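Biologist: I am new to this structure and would like to learn how to read it. Please go through it feature by feature.

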Amino acid sequence: MGCLSSTQVYLGGALVGAAAPAGGLSLKSITPYFGVCSSSYSLQCSFKGLSVFAFSGRNDRRTAVVVGSDSGEGEKTAEGLPLDGIWNDASEKKKLDIKPTRRPERDFSGTPCVPVYVMLPLGTISMKCELADADALREQLKVLKSVNVDGVMVDCWWGIVEANGPQKYNWQGYKQLFQMVQEISLKLQVVMSFHECGGNVGDDVYIPLPIWVSEIGKKNPDIYFTNRKGRRNPECLTWGIDKERVLGGRTAVEVYFDFMRSFRVEFDEFFVSGIFSEIEVGLGPCGELRFPSYPEKHGWRYPGIGEFQCYDQYLLKSLRKAAEARGHTSWARGPDNAGSYNSRPHDTGFFRDGGDYDSYYGRFFLKWYSQVLVEHGDHVLSLAKLAFEGTCIAAKVSGIHWWYKTASHAAELTAGFYNPCNRDGYAPIAAMLKKHDAALNFTCVELRTLDQNEEFPEALADPEGLVWQVLNAAWDACIPVASENALPCYDRDGFNKILENAKPLNDPDRRHLSTFTYLRLSLDLMERQNLLEFAHFVKRMHGEAISELPIEAEEKI
């Protein structure tokens, strides 16, 4: 490396940048290299002009090595991550015993047990409704069972089961899967997935809506959600046809009910055996109760605010009726100054501070838009409760945390959550779920606000604030709250954040999540170190007393 006459920064053995002249070290200039804030470090030691700092970032094992020399004498090197040791130069080989630091961990022993489920891969069932790679899946399920996972979640795809004709259902692959899961003594959460798979974050397969629905859509594209420019989104059906007989003589909610009723009859033996712990009812794109306001396949990129999706003829008819009832027929329109998919709130007349979102018209429109969302959930869940009587049902709500620190909460508004800074947009949803004894499943519990601010400071995101608001809205309504991670998670820091949200510290009512579902089963999760970390997490979610993983757990893996 040669002699150094200025301070340089290393991560493990790699030089990542010069920080400052020797003797003039600025931690503020160093910390951006490591994705941490300037206050989250500690000096480990100094040795002949070499200073070692341990940084707490998204990865608990990160250690930064800051090398400086006033005289330029000697060769400074750094090896290993986590740091095993540092030598001043090759001749002296004087070793410093530096241990990687980790955030103090809370003891969850004796806390309430939160069951842990694992989502199965999106392509577990093929387009022919056959179980894909059954032998490999069986072995993976056995591994999950060995680390005490409670069960698995699987999507039951409308586009596979009812692919070829109205009310022509093929359940073959699902029956094989359910038998396998039952033999291994795991529980099942099943999602009634009435949406397309493909084109969103994490989608690695393509499963369209049923062929016969697509044929109807070619003749009547208004069965799909539509943006202001008239672009259709075939990801799911618009809620405007919930009660319109445009699907071969049936309404959309009748189609959903017939599908759910067929499932209940087909798998009666599994309902009787108690293998189904929960049926989650898909209510929109990605199975979530939201408008498809930020479709990646239409060019949206994080952290764009998204667009309102109310321009099909059926939702526009509903808007006209609402405007007429209010006595302002000129309000029968969507906002014309709300920007586009990748706009920022402050660049639009509608979402900027003091913008039209808080005008008389803006409040009318947003109330109508969000009410369409609540009514859709109400319509479908009322029939789901009838179809699955005696079994727990749930609905998923997406965690739209970007622009949460702004007044308008623009990204939430375009998705249908009327949640600006002066209004609680999640309480009406919780009240609707309470009406049907349905649980709320919420995402993004693994995300830390600090990390989001470091990676995308312009997004003004606050996932922790959003999670706290939604969990409390549900708990105040006295409904069960389940959750899942929004992005893949394999590290201790992410799991610790999930645990903190699952079992809030010092809650006088000891409220906690009813279940947690991990996204998702993969070859990465099956890697030894990742699986050991996951097993550690499962034990803590179950409230077991542990320090580190016991030997017998490692032997199982």
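Modeller: We will go from the whole chain to single residues. Keep in mind that this is a predicted model.

Biologist: How many helices and strands are there in the protein?

Modeller: The protein has 17 helices and 15 strands.

Biologist: What share of the residues counts as buried?

Modeller: Of the 557 residues, 57% count as buried. The protein exposes about 22,800 Å², and carbon and sulfur atoms supply 50% of that area.

Biologist: What do the contacts between residues at least 6 apart in sequence show?

Modeller: Of those contacts, 71% join residues at least 24 apart in sequence.

Biologist: Which residues have the most contacts inside the largest nonpolar core?

Modeller: That core has 151 residues, and those with the most contacts inside it are Tyr 174, Phe 178, Leu 237, Phe 263 and Phe 534. Helix H9, residues 360-387, gives the most to this core, with 13 residues.

Biologist: What is Phe 263 in contact with, leaving aside its neighbours within four places in sequence?

Modeller: Phe 263 then touches Cys 156, Trp 171, Phe 178, Val 190, Met 192, Phe 271, Phe 276, Ile 279 and Phe 388.

Biologist: Now take a loop residue. Where does Thr 515 lie, and is Thr 515 buried or exposed?

Modeller: Thr 515 lies in the loop between helix H14 (492-502) and strand S15 (516-518). Buried means under 20% relative accessible area. Thr 515 is at 12% relative accessibility, so Thr 515 counts as buried. Leaving aside neighbours within four places in sequence, Thr 515 is in contact with Val 114, Pro 115, Tyr 117, Gln 189, Val 481, Ala 482 and Ser 483.

Terms used: Residues numbered from 1 in each chain as written. Predicted model: local features only at pLDDT ≥ 70, side-chain atom pairs only at ≥ 80, totals over all residues. Heavy atoms only, no water. Helix = DSSP H or I, 4+ residues; strand = E, 2+ residues; numbered from the N terminus. Buried < 20%, exposed > 50% of the residue type's maximum accessible area, 1.4 Å probe, protein only. Contact = heavy atoms within 4.5 Å. Areas by Shrake-Rupley, 256 points an atom, 1.4 Å probe, with all protein chains shown as cover. Core = buried A, V, L, I, M, F, W, Y, C linked by side-chain atoms within 4.5 Å.
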